[in-house]
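I opened the model to look up how its elements pack. These are my notes, entry by entry.

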Amino acid sequence: MVHRFITIWNKTNLIKRISIGIGIGVLLAVIFPQAQAIRLLGQIFVGGLKAIAPLLVFALVANALSQQQKGQKSNMKTVILLYLLGTFAAALVAVLVNFFFPISIELASSSQKVSPPDGIGQVLSNLLLQLVDNPYPLVWRCLRVSGVTVFFTRSSAANIPVNMKLCRDLGLNPETYSVSIPLGATINMAGAAITINTLTLAAVNTLGIRVDFGTALVLSIVAATSACGASSVAGGSLLLIPVACSLFGISNDLAMQVVSVGFVIGVIQDSCETALNSSTDVLFTAVAEMSSWPKEKRY
């Protein structure tokens, strides 16, 4: 009986399992509202998963690289280039959208005077001191299979098995995706770059600081570069906002108010951010490989 239940459970779709888990959690909260042990167990599990995730990703990448044989065809150069370009492009899109639809946020007054930079030259100085085929069916499938799943788990590392299976279903080369998917979970951070740029420019608009396109381009480079290091860190993209704000002479006090706004919307923001990050891991891997396929074989 138990074996049969485990077999049925393992064959159940991951989204359904997540939904069942949420339902059980709500039921336990209603029946045992004072049971702190259950809540503590969940916090320990989630905290432990986040703590061990970087090591698991490292082990997956190391294992895949150790099995690579000399002379095997791989598209890793193209995949890594797409990861970096995708992250930068996401940051740049966030900047362009801000120019057309500027947003602002309400900040508490600060006794420290804000000294905006004179132009791109000062921003670069601050930075140095801070040391075709129609792709939509493929994009839709990546969002539907990978994006929806990771929207609920909010962890690119936890979504690696889902992405691996999707790559296998797409008929991609396992020699490529066994490396690119774990690697993408650590450096492909388009969603993080969008978050950094959007909230930073919201603060800039609120304070009335004028931003030219050159300065915004530098901000995109900073956001894309720093976002690559935000993987597996809870709220990592939000913690990088003070770095971006410092380029415009915004004090840490005001920058942390912007971070607090990010934490308020963090549940939805982090889910959408991670969904974009993880789904594009598969998308870029597929694009890099399918570009060399015959036209009739492509998705």
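Which helix does Val-218 lie in? I found Val-218 in helix 10, residues 213–227. Helices here are DSSP runs of H or I with at least four residues, and strands are runs of E with at least two, numbered from the N terminus.

Ground rules next. This is a predicted model, where local features need pLDDT of at least 70 and side-chain atom pairs count only at pLDDT 80 or more, while totals for chains, interfaces and linings use all residues. Residues are numbered from 1 along each chain as its sequence is written, and side-chain values use heavy atoms, with hydrogens and water left out.

**Entry: overall.** I looked up the elements of the protein chain and got 14 helices and zero strands. Of its 299 residues, 39% count as buried. Buried means under 20% relative accessible area, exposed over 50%, and partly exposed in between, with a 1.4 Å probe and protein chains only.

**Entry: Val-218.** Val-218 counts as buried because its relative accessibility is 8%. I also checked its separation from Leu-247, 29 residues apart along the chain: the C-alpha atoms are separated by 9.3 Å.

**Entry: helix 4 and helix 8.** Two packed helices are described by the angle between their axes and the distance between the axes. For helix 4 (residues 76–100) and helix 8 (residues 174–187), I read an angle of about 20° and axes 10 Å apart. Axes are lines fitted to C-alpha atoms, for helices over the stretch in contact, and angles run from 0 to 180 degrees between N-to-C directions. The pair is therefore roughly parallel (angles under 35 degrees; over 145 is roughly antiparallel, 65 to 115 roughly perpendicular, the rest oblique).

Which residues of helix 4 meet helix 8? They are Met-76, Val-79, Ile-80, Tyr-83 and Thr-87. Their partners in helix 8 include Thr-176, Val-179, Ser-180 and Ile-187. Contact means heavy atoms within 4.5 Å.

**Entry: Ser-180.** Ser-180 is found in helix 8. Is Ser-180 buried or exposed? Ser-180 is buried, at a relative accessible area of 0%. Leaving out residues up to four places away in sequence, Ser-180 touches Met-76, Val-79, Tyr-83 and Thr-285.

**Entry: helix 13.** I compared the span of helix 13 (residues 252–264) with expectation. Its 13 residues should span 18 Å at 1.5 Å a residue, and the end C-alpha atoms are 18 Å apart, so the two agree. The expected span is 1.5 Å times one less than the number of residues. Among the buried residues of helix 13 are Leu-254, Val-258 and Gly-262. The buried residues pack against helix 9, helix 11, helix 12 and helix 14.
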